[in-house]
Amino acid sequence: MKKLLILLLLISSTAFAGAAQPLAEDVALEARLKALSQELRCLVCQNSTLADSNAPLAEDLRKEIRVQLRAGKSDKEVVDYLVARYGDFVRYRPPVNNSTALLWFGPFLLLIIGSFVLYRVLKKHAGNDEIKGEDG
Amino acid sequence: MNRMAKFLIPLALFLVAVGFLAKGLFLDPHEVPSPLVGKPAPIFQAPILGEAGKTFNSADLKGQVWLLNVWASWCGACRDEHPVLMEMAKTKQIFTYGLDYKDTDQAAQAVLLAHGNPYQATVTDADGKIGIDFGVYGVPETYVIDKAGVIRFKQTGPITDEILFTKIVPLLKELQR
Amino acid sequence: MIPEIGQFSLILAFCFAIVQGVFPLIGVWKNHGPLMNLAVPAARAQFLFIAIAFVCLDYSFYANDFSVLYVASNSNSHMPLAYRLAALWGGHEGSMLLWVSMLAVWTIAVTLFVKDLPETFRIRLISVMGLVSIGFLAFVIFTSNPFERLIPAALDGRDLNPLLQDPGMVFHPPVLYMGYVGFSVAFAFAIAALLDGRLDITWARWTRPWTTVAWVFLTLGIAFGSKWAYYELGWGGWWFWDAVENASFMPWLVGTALIHSLAVTEKRDAFKVWTVLLSICAFSLSLLGTFLVRSGVLTSVHAFATDPGRGLFILIYLVVVIGGALLLFAFKAPSVGLGEKFDVVSRESMLLSNNVVLLAAAGSVLLGTMYPLLMDALGAGKISVGPPYFNAVFVAIMAPGLFLMGLGPLAKWKKASLPEIGTRLRVAAIISVVSALLVPFMMGKLTLMTAIGVFLGIWVVSTSLILLINRIKLRQSASTNLLENMQGIPPAFYGMLLAHCGIGVFILGVTLVKGYEFEQDLRMEVNDVATVGALSFKFEGAQEIQGPNYTSSQGTFKVSNAGKEITLLHPEKRFYPVQGSMMTEADIHAGVFKDLYVSLGEPLENGAWSVRIYVKPFVQWIWAGAILMALGGILALTDKRYRIANKRAAKQAQAAQEAFEA
């Protein structure tokens, strides 16, 4: 009788309120895959990340990345693996090198030069006269 | 005039930008050049389609100039280039090997039966692993591999007569010398 | 017949645009009255015929006339009426018609509201709007005709892209285009002022409200688009730094800079050259955006059917319009005066440093958007520039600007003292630093980025509040009645405060959702429960339902908090048979502090589904911030000062001119 009751309880608990299982076997690995593949471009659709794309190639690549991560490869090694096959095009984060120096540092240069020029112009514009402030 | 010079800077910058935009109109942003061109082709071993038990080893082709054509039965554009491949096969001077990418043997064989077989042999790549090593992203793709086993050219998308005669044939002539 | 009427109207509109754009300018030049007087009637006629063309095309959508190629390609008889009507702007040709329609609306508004401006200026202004219109009408008529017939007619249409079949499609494009195109008015004001030699305070005062209106539309348009992407794409992203989004964001950044530099020019008659250049730039970036989207030079999510011929057309048009404007600028700018003086540390200089930051930020967006093209054109290889780049560079550039945003409004006009501002802001600084540590602590995790984000968000809001308190105190000498004091402050001031608070709210939203978003991919059988903290999501199964032009698997999730039911969510997985595409329709329980977001993945065996559950804290603050910004802009517009000052300034200008001529 007692056994039956336990059995009943078990059945009812699975039928009414099973806890949802994570889709992935290895949640930590999957999180890493997701973070990594969000910075990679899907080559087939080209407008979505490897993480969001449903293209078969994207699925294959995610599978491949999963295998490599499980084998203990670092994120960088995985990215290098893909770059060797598809070129820098797959990286949403362009590498920092000579040809992308303008891209990465240009805006900051613009900010610095802009501030400097503004300061010079303001200085010239203000002249040497005494200026009084206004509330408003 | 000197006073005007600095006010011409915006115009100058704009014209430079226009130059790039104009150039950009004649480029295809979707075409991704392969970083493998000029590098040794990946060596692979895989079953040959329709010849049970036999495997193909790409290392065996060293010393030979050959084409690797990636295709599949589910790929519509592959049918478009099929006649061109058949023409090439007829010349008996170009050795084309097929890579049947993510496909079933049955479907692939049906295609070859219906449209003719332009390949010396077709290698099967059911799970797409070889495809990944070659950086395949849009079937059909064709690779020209030289005697040393280096990839010399890649065509993404169907081969047309134009591409065949202006790019592939001259390259093959040069490589076969 | 109707499509032919539409096409004919477009051609007539084109003719009137030529009349409006060419003859009045010649009239002003030759001082020929009758030619000048053509401007307004031609503008109205142009508007009328564009309106007729618009109605004709929408009628073809309404009547399911699939003998019109554009209708056949973008609509379907099973689509709900609202989407059929909105499908007008679902493709390239129709959205260009929307573009010219918006331009016509702006032009007609200009003819109605600028009656008090000096005559030559007014005529030139309207005429320049006509010039802008000529190019785009020609583009529609000669390269992108939406009225082209399809013979034989299609039995049914190919359907609108299911992604676009959404209420967002009804609002987002018109509002966005209204903003985009609205900068043409500021542009026309700038060109007219350069031609007229009238770069002065009055010009700045006239331009300001127009710029603000366009900016409000653009702000709302971008926010709508972002909200739409958030619920439509099924994974809760709200901004992707896609080329097309960037194309709308760049004019927004430069437009924001323009609003601030106009304030300096209006107050001090200074930096006019800079302001006029910004007016040209804001609209130029709108045009550049149009080019980028339509020419196919960049890959984008919002890809229109692209065509290099069209690209070439727009490029030539860009060279004529922008190149011409910049050339005119180079000729006229050297003779523009410097205006009143102000100190290196002052409200004016703060407003201008805001310009430097916003322009550097716009520069980073422009560079990131164009760089793949640049590399490709130079043969340096193909690269992709995506969110990781923008999130790093754009954010790093904006952060110091946001800090300045707190200081600026407290600085006195003409000459301010930094120590004094510092004293005034002590309280805000303390509040911000404490929150920057406390909020992440309360949310459960402290990282540098969240601390900086919270600091900046709270900083912007708290400095605005301190500014308000200061302002009220300043008036206390006049009256002790708080309400009276508050009423005495002009609406433009409140508008500024509100818009700034909007930025603060926006930053808080972005920071908190990025820092504390929770996401889970689950496999759920019927009656399975997923728990996230105190929240539980019970999957009650999925059922097939039939939509007007799709079939759908609709899941039911019972969401409870600590055992108490909050809501039922019904995410869907839809199949649109005409285009054969699957759509993920997430369902969202939106809240002030968090959104609960559920989307269905794929069906698994036994009625189980793969399910994605997100908890997104404070995500609604992103759009709330944008709405506050827009409200701030609207409030600023109600300022009486503009209307009265407008008339007064116009009268003065008129009198001066008459005196000069007499």
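**Close-up views of chains A and C in a predicted model**

**View 1. Strand pairing between chain A and chain C.** Strand 1 of chain A and strand 1 of chain C, the latter spanning residues 518–524, run antiparallel and are joined by two bridges. On the chain C side, L522(C) in strand 1 is the bridge partner of P22(A). The model shown is predicted.

**View 2. The side of chain A that touches chain C.** In this interface, 46 residues of chain A are in contact with 52 residues of chain C. Three elements of chain A each supply at least two residues of this side: helix 1 (2–16), strand 1 (21–22) and helix 5 (101–126). Helix 5 of chain A contributes the largest share, 14 residues. By residue class, the side of chain A that touches chain C consists of 21 nonpolar, 14 polar and 11 charged residues.

**View 3. The domains of chain A.** Two domains are listed in the domain assignment of chain A: domain 1 covers residues 24–92 and domain 2 covers residues 97–123. A distance of 35 Å separates the C-alpha centres of domain 1 of chain A and domain 2 of chain A.

**View 4. Confidence of the prediction.** For chain C, the average pLDDT is 90. Of the residues of chain C, 95% score at least 70. For the complex, the predictor gives an ipTM of 0.89 and a pTM of 0.92.

Terms used. Residues numbered from 1 in each chain as written. Chains lettered and ligands numbered in written order. Predicted model: local features only at pLDDT ≥ 70, side-chain atom pairs only at ≥ 80, totals over all residues. pLDDT = per-residue confidence, 0-100. Contact = placed C-beta atoms within 7 Å. Helix = DSSP H or I, 4+ residues; strand = E, 2+ residues; numbered from the N terminus. Nonpolar A, V, L, I, M, F, W, Y, C, P; charged D, E, K, R; others polar. Pairing = 2+ DSSP bridges. Domains from an automatic or database assignment.
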